[in-house]
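Morning, everyone. Please have a look at the structure on the screen, and then I'll walk you through it.

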Amino acid sequence: MTGAKPVPDVVGPDLDVLFCGINPSLRSAETGHHFARPGNRFWPALHLAGLTPRRLTPDEDAELVTFGLGVTNLVSRPTRTAAELSREELRDGGEELAALVQRYRPRVLAVLGVTAWRWAFERPRAVLGRQPERIGGVDTWVAPNPSGLNAHHQLPDLARLYAELRPDGA
């Protein structure tokens, strides 16, 4: 883990996938753990995708590295909803993310949220899936945000899309 962020990064060497959320919820900031808000589908999606052997809980987020996974956020500032973030915060976060990725070199970066991706990296027409550009020199994907507020994708959709992120296709 790194930094003095309200929700510390969970990173390490040789990660298969580094997941990047938009920013911490107020609940995550309270607990210091990623995706801690009730109703968030990150943890069940990881398990259903076959990326973890069991469903982890937010307070077990540090264990992700043992499964070749990590998690960070584009913006460190906690909010009630991501809509409270400015484009400038997202762009600045994109620069910080690129530096983090360049430092740790995961095999895949997965940004969870297409609108945040569009604003952070100035890609207004970007769609979900593998991106033509590499952030920090690594293969980059945009996947749906697992927030319960995102009704566009249900849990089975998230699990299917997250399963595609493993570099070996497993």
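Start with arginine 105. Is this residue buried, partly exposed or exposed? Its relative accessibility is 45%. Buried would need under 20%, and exposed would need over 50%. So arginine 105 counts as partly exposed. Keep in mind that this is a predicted model.

Where does arginine 105 sit? In the loop between α3, residues 87-104, and β3. Its phi is positive, about 50 degrees, although arginine 105 is not a glycine.

Now take phenylalanine 35. Its phi is positive too, near 50 degrees, and again the residue is not glycine. Phenylalanine 35 is in the loop between α1 (26-31) and α2 (42-48). Buried or exposed? Its relative accessibility is 12%, so phenylalanine 35 counts as buried.

One cluster is made of Phe19, Phe35, Phe42, Trp43 and Tyr162. Across the whole structure, a search finds six aromatic pairs. Phenylalanine 42 and tryptophan 43 make one of them. How are their rings arranged? Edge-to-face, with 80 degrees between the planes and 5.0 Å from centre to centre. Both residues are buried: phenylalanine 42 has a relative accessible area of 0%, and tryptophan 43 has 3%.

Next, the sheet. It is open, with five strands in the order β2-β1-β3-β5-β4, and the pairing is mixed. Which strands are at the edges? They are β2 (69-73) and β4 (129-130), and each pairs on one side only.

Look at β3 and β5. β3 covers residues 108-112, and β5 covers residues 139-143. The two run parallel, joined by five bridges.

On to the cores. In soluble globular proteins, nonpolar side chains tend to be buried together. Here, the largest nonpolar core has 24 residues. Which of them touch the most other members? Leu74, Leu90, Leu97 and Leu109. β1 (17-21), α3, β3 and α4 (114-120) each supply at least two residues of this core. The largest share comes from α3, with five residues. There is also a second, separate core of 23 residues, and Tyr162 is among its members, along with Leu56, Leu64 and Ala159.

Last stop, leucine 109. Leaving out residues up to four places away in sequence, leucine 109 touches several others, including Leu18, Cys20, Leu97 and Val101. Ile135, Val138 and Trp141 are also among its contacts.

That's my tour. Over to you.

Terms used: Residues numbered from 1 in each chain as written. Predicted model: local features only at pLDDT ≥ 70, side-chain atom pairs only at ≥ 80, totals over all residues. Heavy atoms only, no water. Pairing = 2+ DSSP bridges. Helix = DSSP H or I, 4+ residues; strand = E, 2+ residues; numbered from the N terminus. Buried < 20%, exposed > 50% of the residue type's maximum accessible area, 1.4 Å probe, protein only. Core = buried A, V, L, I, M, F, W, Y, C linked by side-chain atoms within 4.5 Å. Contact = heavy atoms within 4.5 Å. Phe/Tyr/Trp six-rings, centres within 6.5 Å; stacked < 30°, edge-to-face > 60°.
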